[in-house]
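Come along while I look things up, one entry at a time.

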Amino acid sequence: MSSSFRPRSNTKRKGSARYVCVAALFLSIAFDVSAAHFDRVYASENAATLAEWGKKYEQGRGVRANIGRAIRLYCKAAKKGQATAQYRLGWIYAHGRRGVKRDDALAVTWFTKAAKQRHIQSRNMLKLVRAK
C-alpha cells in the first residue's frame, strides 16, 4: 500500500484506506460522466447553450476548466452566428488565454464577425487589437 493511502492512526472511518479508494473510484467515474456530459452539450444545436457552456468550460464554473472544450463549443456556436461566442473566441486569441497562443489576426477575425452583428464589446476590442 502506498503511503498516500495509508490511514492515520488517529482517524476514524473516513481516513481508512477503503474510504480513500472508494473516493478515488468515485472521482474517476465523475470525470467519465463529465466527458459524457460534454458530448451531450456538444451535440446540442442551440447556439446560446453552446456559448453558455463554452464560458463555463473556459472559466471553470461548475465544471473543470478546459480551454480545448471551451473553444470547441465556442466554434460550433460561432459558426451558427452566435455573437457572444465569436467575441469569446476573439478574447481568447487576443489575450492568449490558458495556454492558447496569442494570435491577433485570428482575434480580429472573430471580433469582426461579432461586430458585424452590432456586438459592442467586439467593436471596442477591434479598436484595441488593431492599435497594437
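This is a predicted model: local features need pLDDT of at least 70, side-chain atom pairs count only at pLDDT 80 or more; totals for chains, interfaces and linings use all residues.

**Entry 1: the overall layout**

I began by listing the secondary structure, and the chain comes to 6 helices and 0 strands. Reading from the N terminus, I noted the order α-α-α-α-α-α. Of the chain's 132 residues, 33% count as buried. Among contacts with a separation of 6 or more, 42% come from residues 24 or more positions apart.

**Entry 2: the core**

Which residues touch the most other members of the largest nonpolar core? I found Y57, I71, L73, L89, Y93 and F111, in a core of 32 residues. At least two residues of this core come from each of helix 1 (17–42), helix 2, helix 3 (67–79), helix 4 (83–95), helix 5 (104–115) and helix 6. I then picked L73 and left aside its neighbours within four places in sequence; its contacts are F38, V41, Y42, L50, W53, G54 and Y57.

**Entry 3: along helix 2**

Helix 2 covers residues 47–59, and I checked its length: at 1.5 Å a residue, its 13 residues should span 18 Å, and the end C-alpha atoms are 18 Å apart, which agrees. At its start, a side-chain oxygen of N46 comes to within 3.0 Å of the backbone nitrogen of A48. After the helix comes G60, with a positive phi near 70°. The buried residues of helix 2 are A47, L50, A51, W53, G54, Y57 and E58.

**Entry 4: charged pairs**

How many salt bridges does a search of the whole structure find? I got 5. As a reminder to myself, side chains of opposite charge can pair when their charged atoms come close.

- K56 and E52 form one, with the closest N and O atoms 3.6 Å apart. The two are 4 residues apart in helix 2, so about one helical turn separates them. K56 is partly exposed because its relative accessibility is 25%, and E52 is partly exposed at 43%.
- R88 and E58 meet in another, at 2.7 Å from N to O. R88 belongs to helix 4 and E58 to helix 2, so this pair ties together parts 30 residues apart in sequence. Both residues are buried.
- R102 pairs with D104, the closest N and O atoms being 3.2 Å apart. R102 is partly exposed at 43%, and D104 is partly exposed at 27%.
- E45, K76 and K80 are linked in a network of salt bridges.

**Entry 5: a stop at Q82**

Not counting residues up to four places away in sequence, Q82 touches A47, A48, A51 and A77.

I finished with I120 and L128, both in helix 6, which spans residues 120–131. I120 counts as exposed at 59% relative accessibility, and L128 counts as exposed at 52%. From C-alpha to C-alpha, I120 is 9.8 Å from Y87, which is 33 residues away along the chain. L128 and V108 are 20 residues apart in sequence, with their C-alpha atoms 9.9 Å apart.

Methods:
Residues are numbered from 1 along each chain as its sequence is written. Side-chain values use heavy atoms; hydrogens and water are left out. The expected span of a helix is 1.5 Å times one less than its number of residues. Buried means under 20% relative accessible area, exposed over 50%, partly exposed in between (1.4 Å probe, protein chains only). A polar contact is a pair of N or O atoms within 3.5 Å; within protein, one must be able to donate a hydrogen and the other to accept it, and residues adjacent in sequence count only if both atoms are side-chain atoms. Contact means heavy atoms within 4.5 Å. A nonpolar core is a set of buried Ala, Val, Leu, Ile, Met, Phe, Trp, Tyr and Cys residues joined through side-chain atoms within 4.5 Å. A salt bridge is a side-chain nitrogen of Lys or Arg within 4 Å of a carboxyl oxygen of Asp or Glu.
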